[in-house]
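Here is a short briefing on aromatic contacts and strand pairing. Please look at the sequence and the model first.

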Amino acid sequence: MLTRTPDMVEWGLMEDVGPADYFGKTIEVERFKAIGSLAIQGEFIASVFLTDGKPLQSISDKSFEAWPRDWLDRYGG
C-alpha cells in the first residue's frame with residue numbers, strides 16, 4: 001500500500017508522520033468529499049488517518065516532484 005496511490009500520496013503528505021511508526025497498528029481512514037475551501041476551489045477528497053481514535057496530524061511542505069522520489073527511496077517501489 002505504501003508504494004501505490006492514493007495511499008502513497010496521502011502518507012507522503014504527512015511529513016512528520018512516518019508509516020513505519022504505525023506498522024502492526026490499525027489505521028482507520030475516513031474520506032470526505034468537500035466542496036471548496038480557502039485554499040482549494042471545486043470538489044476534492046479530504047482523508048483523515050486515525051489510530052486509537054486520534055488523527056495523524058502533519059502536512060508536508062515538500063514539492064510534489066520531490067516527495068515521491070524521497071518516499072520511494074525510503075519505502076521501496
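Three aromatic pairs are counted in this predicted model. Rings of Phe, Tyr and Trp (its six-membered ring) pair if their centres lie within 6.5 Å; planes under 30 degrees apart count as stacked, over 60 as edge-to-face and the rest as tilted. In this predicted model, local features need pLDDT of at least 70 and side-chain atom pairs pLDDT 80 or more, while totals for chains, interfaces and linings use all residues. Residues are numbered from 1 along each chain, and side-chain values use heavy atoms, without hydrogens and water.

**Aromatic pairs**
- Trp-11 and Tyr-22 form a tilted pair, with ring centres 6.1 Å apart and planes at 40°.
- This pair links distant parts of the chain: Trp-11 sits in helix 1 (residues 7-12), and Tyr-22 in the loop between helix 1 and strand 1.
- Trp-11, Tyr-22 and Phe-49 make up one aromatic cluster.
- Trp-71 and Tyr-75 are also tilted, with centres 4.6 Å apart and planes at 45°.
- Both belong to helix 2 (residues 66-75), four residues apart, so about one helical turn separates them.

**Burial**
- Trp-11 is buried at 8% relative accessible area (buried is under 20%, exposed over 50%, partly exposed in between; 1.4 Å probe, protein chains only).
- Trp-71 is buried at 5%, whereas Tyr-75 is partly exposed at 21%.

**Strands**
- Helices (H or I, at least four residues) and strands (E, at least two) are DSSP runs, numbered from the N terminus.
- Strand 1 (residues 28-35) and strand 2 (residues 43-51) pair antiparallel over eight bridges (pairing needs at least two DSSP bridges).
- Arg-31 faces Ser-47 of strand 2 as its opposite residue.
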